[in-house]
Amino acid sequence: MDAMGQQTLAWGGSSGDMEFSLSSSRGTKWMVHKPKRIGMSVGTSAMAHTPATLTPRARKPAAFASLTASGSQSGSGNAGAKVPLFMLASAAESKKQVATDAPAWRVAAGNLAAGAVAGCSVEAALYPIDTIKTRLQAMIGGGGIKALLQSGGGKGLYAGVWGNLAGVAPASAIFISVYEPVKKAVEQSVSQDQQYLGAVLAGMAAGTASSLVRVPTEVIKQRLQTKEFAGAMGAISHIMSKEGVRGLYAGYGAFMLRDLPFDAIEFVVYEQLKKAWTAFNKRELHAHETSLIGAFAGGFTGVVTTPLDVLKTRMMVQGASGRYSHVFDAMVKIAREEGAAAFMKGWQPRLMWISLGGFVFFPVLEASKKFFAPPPAPAPAPVVEEDKKKKK
């Protein structure tokens, strides 16, 4: 370093493909890239050519590579400090990231596909358990699983599965395509200790958006599961002719009353447990760990929301009978005629179904998001500017 505070460096050697990096006492980092010709000695007075220096508008030295500084200079006296160029390139230059964000449509398409795959995987695998749960909840007067099986309720457990999958695919796709960006936006706008709000608000927003598809799908599915209709097309035709569009959205209020808290609770439990487990192990979760966390989140949420699920089922399967005029009416009549225990009908198959659903859904979702995600951008090549003027 000279008297003016200027940093100097020289390196003697022949041409080659070597690279090295060094840090000065000021914290400035340099990286040497493939020197072509070096024949200089340490110091400044003995050099045939005075070292070039870098300023905010530095000129390029002849026959030497240009250099970019990385790091900040402390102190007011260093504000205008000059740095020699030689054959050095800034380490920061090699770390520059090119703006290669995937277009929004590509990210949304990946989320749509991931949601559809995960939703259909769970529905197809666990449909029989859901059928038993629905038939138990639809039974007025009780009797339990034994009475259900004795009355033939254990047959046709896949009734209406194909029509249901046709609705589950778009509903799940919409859910995930809304959930991911909303969660990201909320998490970026709140403090670190309020990150859980991302999953809560995203779950509610995604549930609301997907309900436009999920409710008609659920109505048709449950009326097929209770053997009221033989096929999905016949169910749609009958409902539209006898009950109108309103019939397809029967129990919409009860559905939202159940699903908004369900989605919020399940996803916030899953996200928080995943973050805690990742921080504890200091690595990403393995697939079986994701399954276990998903199963716990789903099972816990399924049990605590069972009373809301009973109300939703009763509203959806009543059809044109008009037994219940609204959710509150259903709540009062069930409590008066069947007792408080009726609100926990079907909790055992619901616990099994949603626990297994979480066990399957979340690892499939995580794997699908990675599979359908936009390909990562290639790492940018180091940027080195060469002065192509020949030394005179």
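1. Let me start with the overall make-up. The protein chain of this predicted model has 12 helices and 7 strands. Of its 392 residues, 42% count as buried. Among contacts between residues at least 6 apart in sequence, 73% join residues at least 24 apart. The points below go through some helix pairs, salt bridges and individual residues that I think you will enjoy looking at.

2. The crossing of α4 past α5 is right-handed. In the contact of these two helices, the residues divide into 17 nonpolar, 7 polar and 4 charged.

3. Please also look at Tyr 196, which lies in helix α5. Is this residue buried, exposed or partly exposed? Tyr 196 has a relative accessible area of 38%, so it is partly exposed. Setting aside residues up to four places away in sequence, Tyr 196 touches Val 268 and Gln 272. The C-alpha atoms of Tyr 196 and Glu 271 are separated by 7.8 Å, although the two residues are 75 residues apart along the chain.

4. The next helix pair is α8 (residues 252-281) and α10 (residues 306-317). The axes of α8 and α10 come within 8 Å and cross at roughly 150 degrees. The pair α8 and α10 is therefore roughly antiparallel, and α8 passes α10 in a left-handed crossing. On the α8 side the contact is made by Ala 254, Phe 255, Leu 257, Arg 258 and Pro 261, which meet Leu 308, Asp 309, Leu 311, Lys 312, Met 315 and Met 316 of α10. By class, the residues of this contact are 8 nonpolar, no polar and 3 charged.

5. Two of the residues in that contact, Asp 309 and Arg 258, also form a salt bridge, with the closest N and O atoms 2.4 Å apart. This bridge links distant parts of the chain, with Asp 309 in α10 and Arg 258 in α8, 51 residues apart. Are the two partners buried or exposed? Both Asp 309 and Arg 258 are buried.

6. A second salt bridge worth a look joins the side chains of Asp 130 and Lys 221, at 2.6 Å from N to O. Asp 130 lies in helix α2 (residues 104-138) and Lys 221 in helix α5, so the bridge ties together parts that are 91 residues apart in sequence. With under 20% relative accessible area as the cut-off for buried, Asp 130 counts as buried because its value is 0%. Lys 221 is buried too, with a relative accessible area of 3%.

7. How many salt bridges does a search of the whole structure find? The search finds 25 salt bridges. One more of these pairs is Glu 338 with Lys 345, whose closest N and O atoms are 3.2 Å apart. At 21% relative accessibility, Glu 338 counts as partly exposed, whereas Lys 345 is buried at 15%. Salt bridges that share partners also join a set of residues into one network: Glu 123, Asp 130, Lys 133, Arg 214, Glu 218, Lys 221, Arg 258, Asp 259, Asp 263, Asp 309, Lys 312 and Arg 350. Asp 130, Lys 221, Arg 258 and Asp 309, discussed above, are among the members of this network.

8. Back in helix α2, have a look at Thr 134. Thr 134 is buried, with a relative accessible area of 0%. Which residues does Thr 134 contact, leaving aside its neighbours within four places in sequence? They are Gln 222, Gln 225, Thr 226 and Thr 313.

9. Most residues other than glycine have a negative phi. Lys 227 has a positive phi, near 65 degrees, and is found in the loop between α5 and α6 (232-242). Lys 282, also not a glycine, has a positive phi of about 55 degrees. Lys 282 lies in the loop between α8 and α9 (287-304), and at 76% relative accessibility Lys 282 counts as exposed.

Methods:
Residues numbered from 1 in each chain as written. Predicted model: local features only at pLDDT ≥ 70, side-chain atom pairs only at ≥ 80, totals over all residues. Heavy atoms only, no water. Left-handed = near helix turned anticlockwise from the far one by under 90°. Helix = DSSP H or I, 4+ residues; strand = E, 2+ residues; numbered from the N terminus. Nonpolar A, V, L, I, M, F, W, Y, C, P; charged D, E, K, R; others polar. Salt bridge = Lys/Arg side-chain N within 4 Å of Asp/Glu carboxyl O. Buried < 20%, exposed > 50% of the residue type's maximum accessible area, 1.4 Å probe, protein only. Contact = heavy atoms within 4.5 Å. Axes fitted to C-alpha atoms, helices over the stretch in contact; angles between N-to-C directions. Parallel < 35°, antiparallel > 145°, perpendicular 65-115°, else oblique.
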